[in-house]
Amino acid sequence: MAKTRTAFFCSNCGAQSPKWMGRCTACGEWNTFIEEVVQRESKTGSGAGQLSSRPKQIDQIDPSSGQRISSGSIELDRVLGGGMVPGALVLVGGEPGIGKSTLMLQVAMQMKVDRILYISGEESDTQLSMRAKRLNLKHSGCYILTATDTSSIFSHVEELKPDIIIADSIQTLTSSNIDSSAGSISQIKECAAEFQRYSKESGIPVFLIGHITKDGSLAGPKLLEHMVDAVLQFEGDHNHVYRILRAVKNRFGSTSELGIFEMRENGLREVSNPSEMLLSQREEEVSGVTVSAIIEGMRPVLIETQALVSSAAYGTPQRSATGFDLRRMNMLLAVLEKRCGFRIAAKDVFLNVTGGIKVDDPATDLGVICAILSSNEDIPVGEKVCFAAEVGLTGEIRPVTRIGQRVLEAEKLGFEEIFVSKYNYKGLDKKDGGIRIHPVTRIDQVFRLLFG
Ligand code: TYD
Ligand code: MG
């Protein structure tokens, strides 16, 4: 029997070292090295030289063999860049409980292919069939395999010859080539490498599900990023129903696309018109509410921001923001105070983006400022008014990208007025449609137009 060999791995980037190091030389993180057993029993490790392919001239390679397969979900196809590519290895990452298994089981049940293999190392087959029943989906070609050992998985795969493989999750799989326990860095790397080799050789797309903790510290998704063809991140707030699927890396498409889902009693529903869902239905006009036209991925989306400004009950005013960067809100408050002469330094300010989504598009700035001003003055902003502009440190209103799309989306949803930067207005082709466009340069100008 071979001697037990151990090595040290960085839990941040996966770098390997024969001895412990305080600081990873690859990624620079401190105190991330942990010891793991890496005994090799056979030669079939993650080594190179497995693919016995000769060099080919690029124009001799038939690109039609790379035709995309639809996953049966419009939103997932969009994020993948138009469907699945044969031989692609896709990692679906996300916090536990966010809905990764639900999403992939739905894909498995909806795809129009003959055989799909869903490997589950976390749930039993009865649990999965209960879940499928709850999703109200049927597919006789969906096979469930509850195994975690890769050698037995691959022998089943050889027998079944599925068209798609889903492995839930990579942290539960083990390879007998490596001695350390499931979920350790060397196991995750080895199992992913085995699937990578398999998908490239067979041309069968493989989805790997990976957990990621809040601070991303758990071994797994992070260190797999360079091994896989695409990394999809499934995110959202547990307390809200919306889930966003984002491509963090994609070798076969753009990373700026995203898919939006809604978690329901009976599974995930695709949200094809996000704006309508993110705008709350207002019964009456209330102060402190504004709508901004932002770009999420490639799509324009209208979101609602709510602000509450009140006199501070205690010495230090409180500031809190949900779904919006607190530092950016503080900066906007400082701009209001210093450049525009509004006295809000001694007030509590609370800000909330509805729907539980996080926005980082700077085009939200003007909407946020107007929500704060509206609450401060206690004058509502009209229901049919929306905003799309960035605010600079001098209080100037700055242009944002793709203004045409934003204006069009606002118009489509029945908004009657939109505030944009003067510099954006110059570049707009369609100036007099069904929506009135206010070109503005300064906050006081917006204030006069809104509150008189
Ligand atoms: P799950 O897919 O198990 O998460 P993950 O695989 O990412 O850990 O989803 C878990 C959550 O989804 C759970 O808290 C309940 C919720 N859920 C629904 O709301 N409706 C449903 O139909 C299903 C299947 C799950
Ligand atoms: Mg799961």
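This is a predicted model: local features need pLDDT of at least 70, side-chain atom pairs count only at pLDDT 80 or more; totals for chains, interfaces and linings use all residues.
**View 1. Helices H8 and H9 cross at roughly 65°.** Here H8 covers residues 326–338 and H9 covers residues 365–377, and their axes come within 11 Å. On the H8 side, the residues making the contact are Arg328, Met329, Leu332, Leu333 and Leu336. H9 answers with Asp365, Val368, Ile369, Ile372 and Leu373. Sort the contact of H8 with H9 by class and you get eight nonpolar and two charged residues, with no polar ones.

**View 2. Helices H2 and H3 meet at a crossing angle of roughly 75°.** H2 runs over residues 100–110, H3 over residues 125–135, and the two axes come within 11 Å. Angles of 65 to 115 degrees count as roughly perpendicular, so H2 is roughly perpendicular to H3. H2 brings Ser101, Thr102, Leu105, Gln106 and Met109 to the contact, while H3 supplies Leu128, Arg131, Ala132 and Leu135.

**View 3. Helices H4 and H5 cross at roughly 20°.** This view takes in H4 (residues 150–160) and H5 (residues 185–202), whose axes come within 11 Å. The cut-off for roughly parallel is an angle under 35 degrees, so H4 and H5 are roughly parallel to each other. H4 passes H5 in a right-handed crossing. From H4, look for Thr150, Ile153, Phe154, Val157 and Glu158; they meet Cys191, Glu194, Phe195 and Tyr198 in H5. By class, that H4 contact with H5 comes to six nonpolar, one polar and two charged residues.

**View 4. Lys161 has a positive phi despite not being a glycine.** The phi angle of Lys161 is about 50°. To find this residue, go to the loop between H4 and E7.

**View 5. A cis peptide bond links Asp168 to Ser169.** Omega for this bond is near -5°. Ser169 sits in the loop that lies between strand E7 (164–168) and H5.

**View 6. The second largest cavity holds about 40 Å³ of space.** Searching the whole structure turns up two cavities of 30 Å³ or more. Several residues lining the second largest cavity fall between Arg68 and Val90 in the numbering: Arg68 itself, Leu80, Gly83, Met84, Val85, Ala88 and Val90. Ala230, Asn250 and Phe252 also belong to the lining of this second largest cavity. By class, its lining has seven nonpolar, two polar and one charged residues. Gly83 and Asn250 are in that lining, and Gly counts as polar in this scheme. Arg68 is in the lining too, and Arg counts as charged.

How values were computed:
Residues are numbered from 1 along each chain as its sequence is written. Chains are lettered from A and ligands numbered from 1 in the order in which they are written. Side-chain values use heavy atoms; hydrogens and water are left out. Axes are lines fitted to C-alpha atoms, for helices over the stretch in contact, and angles run from 0 to 180 degrees between N-to-C directions. Helices (H or I, at least four residues) and strands (E, at least two) are DSSP runs, numbered from the N terminus. Angles under 35 degrees count as roughly parallel, over 145 as roughly antiparallel, 65 to 115 as roughly perpendicular and the rest as oblique. A crossing is left-handed if the near helix is turned anticlockwise from the far one by less than a right angle, and right-handed if clockwise. Contact means heavy atoms within 4.5 Å. On a 1 Å grid over the protein atoms alone, a cavity is a set of points where a 1.4 Å probe fits but cannot get out, and a pocket is an open set with protein on both sides within 12 Å along at least five of seven lines; lining residues have an atom within 4 Å of a point. Grid points are joined across faces, edges and corners, and a volume is the space filled by probe spheres set on the points.
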